[in-house]
Structures are given as structure tokens and as C-alpha cells.
Amino acid sequence: EKPGSSLKRGLMYIGRVAGTVVATIKHRMFEGRKLLLVERLELDGQPTPKYDIAVDSAQAGVGDRVLVLDEGTGARQVLNVEPWGPVRAVIVGIIDEVDLR
């Protein structure tokens, strides 16, 4: 992997919301929460083959560029849920601009 690649495992990454995930049967922790399919992006904005299903805490929508916290303990703290809940990734912000200067 090249340096700075979002393919490396990190705690946060930039992604783009590719779609929504609908589940009629799900863990009680997901009741009333929106699940979004997020594709990981390189720093230059190019998509990678990696993706996550993330809980939305920022009211993001399809096409939005978002900041994703991809670490279970932190994600559960953001969502204020039990420490053993089945969540790993949470959208924590909608990105307006990235400046690589």
C-alpha cells in the first residue's frame, strides 16, 4: 500500500455515502438509527475497493463526503450505547472541503 493510503487500517477516514442499508430484522441497538453504506476514499478523492456499513450520527445522505470513525469503542461512545453493542463504524461529520496544501 502506498503511504497515506486509506486502505491502511486507521481510526478515521474520509468516505462517500454510496447508499442506505435497510434491515427489517436487526439488533435492538440499531432501532431508530440510519445505516449507510460508505465507500472509503483516497486523500485525492478517488474511491478504493473498501467500504463499511456505518451508523449515521451526522444526518448524512447519499453522495455526501463524510468523516468516519472506524473503531468500535469510540463508535459506541459517540452513539452513547452499551459497551458491547455490535457497532464498529459511525459517521461523525459531513465534510465540506479537504485542503491538502
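This short talk walks through the strands, the salt bridges and a surface patch of the structure shown above.

Before I start, please keep in mind that this is a predicted model, in which local features need pLDDT of at least 70, side-chain atom pairs count only at pLDDT 80 or more, and totals for chains, interfaces and linings use all residues. Residues are numbered from 1 along each chain as its sequence is written, and side-chain values use heavy atoms, with hydrogens and water left out.

Strand β1 covers residues 12-21, and two strands are said to pair if DSSP finds at least two bridges between them. On that basis β1 runs antiparallel to strand β4, residues 65-70, with five bridges joining them, and β1 also pairs in the antiparallel sense with strand β2, residues 35-41, over six bridges.

Now to the charged side chains. Side chains of opposite charge can pair when their charged atoms come close. A salt bridge here is a side-chain nitrogen of Lys or Arg within 4 Å of a carboxyl oxygen of Asp or Glu, and by this rule the count comes to six.

Which residues are linked in a network of salt bridges? They are Arg40, Asp52, Asp70 and Arg88.

Are Arg40 and Asp70 buried or exposed? Both are buried, where buried means under 20% relative accessible area, exposed means over 50%, and partly exposed lies in between (1.4 Å probe, protein chains only). Arg40 has 4% relative accessibility, Asp70 has 4%, and Asp52 is buried as well, at 6%.

Asp52, in strand β3 (residues 47-56), also has its side chain joined to that of Tyr13 by a polar contact of 2.7 Å. By polar contact I mean a pair of N or O atoms within 3.5 Å, where, within protein, one must be able to donate a hydrogen and the other to accept it, and residues adjacent in sequence count only if both atoms are side-chain atoms.

A further salt bridge joins the side chains of Lys34 and Asp56 (3.2 Å, N to O), linking the loop between β1 and β2, where Lys34 sits, to Asp56 in strand β3, 22 residues apart. Lys34 is partly exposed at 37% relative accessibility, whereas Asp56 is buried at 13%.

Turning to the segment after β5 (89-94), we find Arg101, which is exposed with a relative accessible area of 86% and whose side chain makes a polar contact of 2.7 Å with that of Asp99. Arg101 and Ala89 are 12 residues apart in sequence and 28 Å apart in space, C-alpha to C-alpha.

Technical notes:
Helix = DSSP H or I, 4+ residues; strand = E, 2+ residues; numbered from the N terminus.
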